[in-house]
Amino acid sequence: MKRFIVTGGYGFIGSSLIKLLLKKNYSVLNIDKLSYSAQKYNLKDVKSKKYFFKKIDINNKKEITKILIRYKPHGIFNLAADTHVDRSIDDSSNFIKNNIIGVYNLLEAIKNSNKKIRLVHISTDEVYGDIANNKRSNENFPYKPSSPYSASKASSDHLVNAFVRTYKIDAVISNCSNNYGPRQYPEKLIPKMIYNILNNKPLPIYSKGKNLREWIYVDDHCEALLKLFFKGKSGEKYNI
């Protein structure tokens, strides 16, 4: 039976991924430090004996290493991250700590415990920066992040690639478009718009309102992440 660790498992995408993994009869350990965006409500209906939870920050390299040695996961899905662009503009310190240094400590823990663990590092298509309205990004696009958030995710992608090349860690990167679906944290665009409509509040327009966004339903994203674990090529990145 496959054993997986999901970091940031109480988040929007992480909780959806955990439900998918349990549905497929895998064992899942949820590692989450329970920051402001973590919602225990997201997994309140999970009763499986194959589900476990540990409150740990991925920056705690010593504890993460112990868990990897003890739990012996076949794979790690890294969803532990600060993800809101506006928050990163207001104060970027947590984005540097969690999205860059946190990934470094996770990689070090993998390197020091078992390089046979496959890491699926969940990133974002925002690492490519602004794309012309008549184009779509592909995996060969250069990184041109335009916010502290996207810059922190681009940095973590580079760290993962460096550990694959230097230390032969088995890892793939997903650069996904915007997700939507149930239980999404209300600071995100779609739930924020819905909330404002229901409460007769103004609808915010970002920049000049001409930016294009692509969206994917969260469960479809999670299916793709599982496919990357089984079929992705180590050292490659994939746009979802």
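User: Which residues of helix 2 are buried?

Analyst: This is a predicted model. In helix 2 (residues 61–71), the buried residues are Ile 64, Thr 65, Ile 67, Leu 68 and Tyr 71.

User: How are those buried residues arranged around the axis of helix 2?

Analyst: Start with the general idea. An α-helix has 3.6 residues a turn, so residues three or four places apart point the same way. Now the case here. Viewed down the axis of helix 2, the buried residues fall within an arc of 160 degrees, so they line one face of the helix.

User: What covers the buried residues of helix 2?

Analyst: The cover includes strand 1, strand 2, strand 3, strand 4 (75–78) and helix 4.

User: Which residues are exposed on the other side of helix 2?

Analyst: Lys 62 and Arg 70. Exposed means over 50% relative accessible area. Lys 62 has 60% relative accessibility, so it counts as exposed. Lys 62 and Asn 105 lie 8.9 Å apart, C-alpha to C-alpha, and 43 residues apart in sequence.

User: What follows helix 2?

Analyst: Lys 72, with a positive phi near 50 degrees.

User: On to the strands. Is strand 2 buried or exposed?

Analyst: In general, the side chains of a regular strand alternate between the two faces of the sheet. So each face should be read separately. In strand 2 (residues 27–32), Ser 27, Leu 29 and Ile 31 are buried on one side. Val 28, Asn 30 and Asp 32 are buried on the other. Six of the six residues are buried, so strand 2 is largely enclosed by the rest of the structure.

User: Which strands pair with strand 2?

Analyst: Strand 1 (residues 3–7) pairs with strand 2 in the parallel sense, over five bridges. Strand 3 (residues 51–55) also pairs with strand 2 in the parallel sense, over five bridges. Follow Asn 30 across the pairings. Val 6 is bridged to Asn 30 in strand 2, and Asn 30 has Phe 53 as its bridge partner in strand 3.

User: How does the chain cross from strand 1 to strand 2?

Analyst: The path runs from strand 1 through helix 1 (residues 12–23) to strand 2. This β-α-β crossover is right-handed.

User: Now the aromatic pairs. How many are there?

Analyst: The count comes to 13 aromatic pairs. The general idea is that a pair of rings is described by the distance of the centres and the angle of the planes. Take Phe 4 and Phe 229. Their ring centres are 4.8 Å apart and their planes are at 80 degrees, so the pair is edge-to-face.

User: Where in the chain do Phe 4 and Phe 229 lie?

Analyst: Phe 4 is in strand 1 and Phe 229 is in helix 7 (residues 218–231), 225 residues apart. Phe 4 counts as buried at 0% relative accessibility. Phe 229 is buried too, with a relative accessible area of 8%.

User: What type of pair do Phe 95 and Tyr 149 form?

Analyst: Edge-to-face, at 6.3 Å centre to centre and 70 degrees between the planes. Phe 95 lies in helix 4 (residues 93–113) and Tyr 149 in helix 5 (residues 148–167), so the pair ties together parts that are 54 residues apart in sequence. Both Phe 95 and Tyr 149 are buried.

User: Which residue lies over the face of Tyr 167?

Analyst: Lys 111, at 4.4 Å from the ring centre.

Note on methods
Residues are numbered from 1 along each chain as its sequence is written. Side-chain values use heavy atoms; hydrogens and water are left out. Buried means under 20% relative accessible area, exposed over 50%, partly exposed in between (1.4 Å probe, protein chains only). Helices (H or I, at least four residues) and strands (E, at least two) are DSSP runs, numbered from the N terminus. Two strands pair if DSSP finds at least two bridges between them. A crossover is right-handed if, with the strands pointing away from the viewer, the path from the first strand over the helix to the second runs clockwise. Rings of Phe, Tyr and Trp (its six-membered ring) pair if their centres lie within 6.5 Å; planes under 30 degrees apart count as stacked, over 60 as edge-to-face and the rest as tilted. A charge sits over a ring if NZ of Lys or CZ of Arg is within 6 Å of the ring centre and within 35 degrees of the ring normal. The arc is that of the directions from the helix axis to the C-beta atoms. Contact means heavy atoms within 4.5 Å.
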